[in-house]
Amino acid sequence: MFCWFSFFSKMKTDLELALECAINIYHQYAIKNPRDDFLSKPEFTQLLKETAKSFLTRTLPVRAELFKETDLNKDKELSFEEFTIVLSKVADDAHRIMHGEDRCKPESN
C-alpha cells in the first residue's frame, strides 16, 4: 500500500513542495470556518486576493465566474477537489503569461 506520509517525509522535490504548499494554503483558508473543510465564496476570494493577486488582475468578475465554474456540485462551497480546478486554471494562466500568450478566461482552456 502506498503511504503519502512516508512519501512526503523524504527529501522533497520542487513538485512535492509545491503540492504540499497548495494543500497548506487551501487549509489555511478552509479552516476559517472550523465546521468544515471547504472554501466559502468569501474565503475563496480572500485566498485569491492574498495568494494569487499577480495572476488575477481582472478582479471581481473573474473571481466570481471562477468560483461559479469550479463549484461543480453547486453547493456554494469549494472542496479541495474543486479547488484543484482553480489551481489548474491559475497555473495555465501563469504559463500563458510566461509565454506572452493571451490570458485564460472563464470557460476556456
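**Figure 1. Right-handed crossing of α2 and α5.** In this predicted model, helices α2 and α5 cross in a right-handed sense. The contact draws on A22, I23 and Y26 from α2, and F80, F83 and L87 are the residues that α5 contributes. By class, the residues of this contact comprise six nonpolar, no polar and no charged. The two helix axes come within 11 Å of each other, and the angle at which they cross is roughly 120°. Because angles of 65 to 115 degrees count as roughly perpendicular and those over 145 as roughly antiparallel, α2 is therefore oblique to α5.

**Figure 2. Right-handed crossing of α2 and α3.** The crossing of α2 with α3 is right-handed. Here the axes come within 9 Å and cross at roughly 130°, which means that α2 is oblique to α3. On the α2 side, the contact is formed by I25, Y26, Y29 and A30. On the α3 side, the residues in contact are E43, Q46, L47, E50 and T51. Sorted by class, the residues of the contact of α2 with α3 are five nonpolar, two polar and two charged.

**Figure 3. Largest pocket of the predicted model.** The largest pocket holds about 350 Å³ of space. Elements giving two or more residues to its lining are α2 (residues 14–30), α3 (residues 41–51) and α5 (residues 80–98). The lining consists of 15 residues, and A18, A22, I25, L87 and V90 are those that lie nearest the centre of the pocket. In terms of class, 14 lining residues are nonpolar, one is polar and none is charged.

Key:
Residues numbered from 1 in each chain as written. Predicted model: local features only at pLDDT ≥ 70, side-chain atom pairs only at ≥ 80, totals over all residues. Heavy atoms only, no water. 1 Å grid on protein atoms, 1.4 Å probe; cavity = no way out; pocket = protein on both sides within 12 Å on 5 of 7 lines; lining within 4 Å. Points joined across faces, edges and corners; volume = space filled by probe spheres on them. Helix = DSSP H or I, 4+ residues; strand = E, 2+ residues; numbered from the N terminus. Nonpolar A, V, L, I, M, F, W, Y, C, P; charged D, E, K, R; others polar. Axes fitted to C-alpha atoms, helices over the stretch in contact; angles between N-to-C directions. Parallel < 35°, antiparallel > 145°, perpendicular 65-115°, else oblique. Left-handed = near helix turned anticlockwise from the far one by under 90°. Contact = heavy atoms within 4.5 Å.
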